[in-house]
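My notes follow the model itself.

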Amino acid sequence: MPDSVLYMSMSVDGYIAGPNDGPDNPGGDGFMRLHDWYGFAGNGPDGESVPLAKSELGRRFLKEINATGAVVAGRRTVEQVDHWKGDHHGVPIFVPSHRPPGPSVAEYPLVTYVADGIAAAMSQAKAAAGNRNVLVHGAYTAQRALQAGVLDELQIHQIPVLFGDGRRLFDVLPSRVELEVVGVIDTPEATHIRYRVVR
């Protein structure tokens, strides 16, 4: 059975996006500071992101992300990037949302909106992923997945910066969640911590 894995870069004070994030400013002000450790050229990742990552760790984690077999992402996340134009490394994208999708989604056959909640979206994603892991994106989606007991691992890239404002990854959790540290890679640019959710 594949695992569901949240991949997020986060400031020390818990922010995954800067202030003023929205469709015209995805990730908010200063967002790329959280992703500098990848060593991207220009404005960040695109369809050629693996070769553009200049750091060895950046290439490693992008290859790991691009080896996942499906994506579960929150509506806010996907709408800010127009569903990655329907192509997140060529795998199905599942969006848990009680509201119907916007008109652009009709052009993206790999994007499926799931009205039955996060557990149903994750179940569909795991079935679509086969024996590969499921990539999870978004703060609200991560919180709901933890609450529903369908998030297996967290890969957090903790960046040595304090944002002070923006969008926090774990702003609201319904109860305490125990985690097991399964791997740590410490570098001057970021501390990469892999957690397993204890059940």
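I took two strands as paired if DSSP finds at least two bridges between them. Helices (H or I, at least four residues) and strands (E, at least two) are DSSP runs, numbered from the N terminus. The model is predicted, so I kept in mind that local features need pLDDT of at least 70 and side-chain atom pairs pLDDT 80 or more, while totals for chains, interfaces and linings use all residues. Residues are numbered from 1 along each chain as its sequence is written, and side-chain values use heavy atoms, without hydrogens and water.

Strands. I found β3 (residues 70-73) and β4 parallel, joined by two bridges. Val71 has Ile93 of β4 as its bridge partner. I then followed β4 to β5 (residues 111-114), where four bridges pair the two in the parallel sense. Here Val95 is opposite Tyr113 of β5.

I checked burial in β4 (residues 93-96): Ile93 and Val95 on one side, and Phe94 and Pro96 on the other, are all buried (under 20% relative accessible area, 1.4 Å probe, protein chains only).

Rings. I counted two aromatic pairs (ring centres within 6.5 Å, with the six-membered ring used for Trp; planes under 30 degrees apart are stacked, over 60 edge-to-face, the rest tilted). Why is the pair of Trp37 and Phe61 edge-to-face? Their planes stand at 80°, with the centres 5.9 Å apart, so the pair is edge-to-face. Trp37 is in the loop between β2 (15-17) and α1 (49-52) and Phe61 in helix α2 (residues 56-66), so the pair ties together parts 24 residues apart in sequence. I noted both Trp37 and Phe61 as buried.

Methods: Buried < 20%, exposed > 50% of the residue type's maximum accessible area, 1.4 Å probe, protein only.
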